[in-house]
Amino acid sequence: MRVTFPRLPDHQRAYSLVERDDGVMYRLDGGVAGPRLPHDIVHLVVERELRIKDGIWAGIAKGVVFSSMTHVSGRCLRAELLADLVAAAAALDAPTPQRIRALAAAKLSVLPDAEIDPAAIAVAAQALQVEAARWARLRVGEHLDYEWPVYGQKARDTVTGRPPELIECGILTLRRWTLADVDALYRAVDESMDQLSPWMPWAPGYTRESAAGFIGTAATDWAEGTSYSYAMVAAGVIAGGTGLRSQADTGRMEIGYWVRQAYTRRGLASAATVALTEQAFLLPGINRVEIHHHPGNLASAGVPRKLGFTRAPEERTSRDGHLFTVWYRLADG
């Protein structure tokens with residue numbers, strides 16, 4: 001289902017256009033247009049991030065009909081309350097688990113059986129902040145598009161044109177980073193500093209704030225479709241990081257990876273690369289996948305070599321003047 005929110009001139013009656021998967025399109029009236037993120041987008045993002053299957057937008061996707069944002073049937077109080085909770089958390093400077101639980105106690109006291117996951121609420125709040133920033137940058141006449149996901153889907157969603165948020169690849173699970181991963185990410189990098197520093201320019205001086213900044217940027221990049229960063233999880237432990245990065249309308253995607261020092265030589269980078277290569281070629285317009293690494297990084301070079309990538313005949317120079325080696329695989333190869 002596709003939902004389009006046009007940015008109208010201030011003080012006009014706002015609306016969204018909803019095109020269900022069965023091809024039916026209808027207009028859904030909202031509040032008053034303005035610079036603030038519309039409440040309908042708040043609901044969509046919260047229900048998407050918290051995977052609420054009985055909320056307003058899930059109901060619309062299943063055929064529930066609204067009139068001027070008044071629910072005709074199947075209205076979910078839980079979704080309404082959780083939307084309010086996440087919006088309140090998004091307004092906090094630091095939505096810690098303690099502060100989120102305090103908000104939940106105040107807002108969800110009429111729903112004692114609600115399952116409150118502070119980490120999930122914090123991630124949804126961050127997603128709201130990202131969407132609010134995107135909305136604030138819109139000019140009159142522009143719009144934001146959203147795709148309503150199908151939960152539990154492991155394969156790529158052919159409607160959104162994005163890879164899945166969770167990929168199972170045998171010994172390894174790839175999943176999107178969340179705010180709950182900040183401390184674990186920092187520890188993984190800190191424990192691997194000697195191994196990462198010679199090759200990863202972001203590693204020296206890495207702090208907990210660096211980890212939080214990375215996860216925030218990763219959420220923004222995912223929403224904008226420029227890159228898709230994953231935690232590499234082995235037996236429930238953060239064992240490294242990987243991801244796909246777009247190369248600006250060239251039909252190419254780049255795969256990057258790093259492995260925690262205690263988890264090297266287990267085939268994790270290879271498993272992640274196989275999975276992401278497959279996902280990359282499922283994305284619209286992608287016909288080439290590349291791996292870049294420092295010429296002296298023999299461990300990184302071993303992954304594409306083992307997986308049958310072709311080494312480019314010449315090294316390239318990055319924007320900061322450093323050389324890097326390129327390996328590639330074509331969609332038909």
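Q: Before we start, what does "buried" mean here?
A: Buried means under 20% relative accessible area, while exposed means over 50% and partly exposed is in between (1.4 Å probe, protein chains only). This is a predicted model, where local features need pLDDT of at least 70, side-chain atom pairs count only at pLDDT 80 or more, and totals for chains, interfaces and linings use all residues. Residues are numbered from 1 along each chain as its sequence is written, and side-chain values use heavy atoms, with hydrogens and water left out.

Q: OK, so how many residues of strand β1 are buried?
A: 4 of the 5 residues of β1 (residues 2-6) are buried, so this strand is largely enclosed by the rest of the structure. Strands here are DSSP runs of E, at least two residues, and helices are runs of H or I, at least four, numbered from the N terminus.

Q: Which way does β1 run against β2?
A: Antiparallel, with 3 bridges joining β1 to β2 (residues 13-19). Strands pair if DSSP finds at least two bridges between them. Arg-2 stands opposite Glu-19 in β2.

Q: Switching to helices: which residues of α6 are buried?
A: In α6 (residues 182-191), they're Val-182, Ala-184, Leu-185, Ala-188 and Val-189.

Q: And why are those on the same side of α6?
A: Because they cover an arc of only 170 degrees around the axis. That arc is taken from the directions from the helix axis to the C-beta atoms.

Q: What do the buried α6 residues pack against?
A: They pack against α7 (193-196), α8 (208-224), β10 (237-246) and β11 (252-259), where contact means heavy atoms within 4.5 Å.
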